[in-house]
Amino acid sequence: MKILVTGGCGFIGSNFIRYILNKYHDYEIVNLDALTYAGNVDNLKGMDVKRYQLVHDSVANGDTVNGLMKGVEAVVHFAAESHVDRSIDNAQPFLITNVIGVQVLLDAARKAGIKRFVHISTDEVYGSLETDDGLFTETTPLAPNSPYSASKGAADLLVHAYFKTYGFPVCTVRPSNNYGPYQFPEKLIPLMITNLIEGAPVPLYGEGKNVRDWFYVGDNCRAIDLVLHNGRGGQVYNAGGECEKKNIDIVELVLDIMGKDSSSITYVKDRPGHDYRYAINNAKITSELGFKPEKPLRAGLELTVQWFRDNEWWWKPLKRRLVSESKGFWG
Ligand SMILES: NC(=O)c1ccc[n+]([C@@H]2O[C@H](COP(=O)([O-])OP(=O)(O)OC[C@H]3O[C@@H](n4cnc5c(N)ncnc54)[C@H](O)[C@@H]3O)[C@@H](O)[C@H]2O)c1
């Protein structure tokens, strides 16, 4: 199978490309990536050039996207502006990539008769839960609160419209908070690990009480693989780690793994409109596709800490760039 992956030089996309090329030895991947600040060709260093090709362009460029559909059997769409804090600074790039980009891809894929299109969304489109609100299911109404999640929600509605209007069989996956190797060091877990390696404090929003579902990236790749091969057209699948934790609990666990204590935490002013709680119900993807998350949180974090310790060559230049741009925030 030849797959067009978008955003494959980012965190989840690069893990997914490695996963697929290792698992299916006769598959080929074309990776369309605009190489924004979050895209890094080093994430896919050493890939077999006979089975992997990078095209440097935007998903919003119709000519390029139309040209790339030739011979492709499936599309897996990760490309996005993905950082909530950056969307609060400037929403426009989020609308161009996350909304116009998906429209361009859907039109091109539909015209080319592609039968498998997996759109990667996020649990953030459901908005925020209170402690007693239960879990997000696929029928929870969309109620996004940040410019990032609003742009992802808009993309999801467009995907739904293409299924209803044209019968185009897109599957949507809504994963929870991923963590693992190759995550850009502006996000909570890699920021924390790299700060601690460098002897710097760990910033924590508000009182650290926000709750997220934590999902090891390798488990997410397995979930997306199942949807790619066995998902029903027009369906949405939640996918999460079944691991709800407060941010402060995650920080304390990482401090413990790295032999530090809470004196390394610096509390910072909360993000505006910060969603309180996300929690994912996996019942549909479990019952239809047999997916269960496998990596326990502590084991996944230990592996991630070790990866960042072993790969300073990868993150040190990115961190220096973030500091020079004064982008010290995280999410
Ligand atoms: N990271 C998470 O915890 C998480 C959770 C749920 C859903 N998601 C979703 O998963 C997807 C991947 O997330 P990630 O964390 O790997 O993101 P990331 O920011 O690490 O990577 C995004 C990639 O998309 C590329 N890109 C950006 N704009 C582009 C454009 N116009 N054309 C082509 N490529 C472009 C970037 O260069 C980068 O390689 C996103 O759609 C995101 O919304 C992420």
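A: The shell around the ligand is made up of 15 nonpolar, 13 polar and 3 charged residues, where Ala, Val, Leu, Ile, Met, Phe, Trp, Tyr, Cys and Pro count as nonpolar, Asp, Glu, Lys and Arg as charged, and the others, Gly among them, as polar. The model is predicted, and local features need pLDDT of at least 70, side-chain atom pairs count only at pLDDT 80 or more, while totals for chains, interfaces and linings use all residues. Residue numbers start from 1 along each chain, following the sequence as it is written.

In total, 31 residues surround the ligand, and G7, G10, A38, G39 and A80 are the closest; a residue is near a molecule or strand if its C-beta atom, placed from the backbone, lies within 6 Å of it. Two or more residues of this shell come from each of α1 (11-23), β2 (28-33), α4 (92-111) and β7 (177-179), and the largest share, 3 residues, belongs to α1. These names stand for DSSP runs numbered from the N terminus, with helices (H or I) of at least four residues and strands (E) of at least two.

Over 3 bridges, strand β9 (residues 211-216) pairs with β11 in the antiparallel sense, and R212 stands opposite K245 in β11.

Y182, in the loop between β7 and α6 (188-197), has a positive phi of about 70° although it is not a glycine. Y182 is buried because 24 other C-beta atoms lie within 10 Å, and a residue is called buried at 20 or more such neighbours, exposed at 12 or fewer, and partly exposed in between, with C-beta atoms placed from the backbone. E242, also not a glycine, has a positive phi near 50° and lies in the loop between β10 (236-239) and β11 (244-246). E242 counts as partly exposed because it has 18 C-beta neighbours inside 10 Å.

Another pair of strands is β8 (residues 202-205) and β12 (residues 265-268), which are joined in the parallel sense over 4 bridges, with I265 as the bridge partner of V202. In β8, V202 and L204 form the covered face, whereas P203 and Y205 form the uncovered one.

On the scale of the chain, there is a division into domain 1 (2-178 + 216-239) and domain 2 (183-211 + 244-274 + 296-324), with bounds that come from an automatic or database domain assignment. Taken over C-alpha atoms, the centres of domain 1 and domain 2 are 25 Å apart. The contact involves 9 residues from domain 1 and 8 residues from domain 2, two residues being in contact if their C-beta atoms, placed from the backbone, lie within 7 Å. On the side of domain 1 that touches domain 2, there are 4 nonpolar, 3 polar and 2 charged residues.

How values were computed
Pairing = 2+ DSSP bridges.
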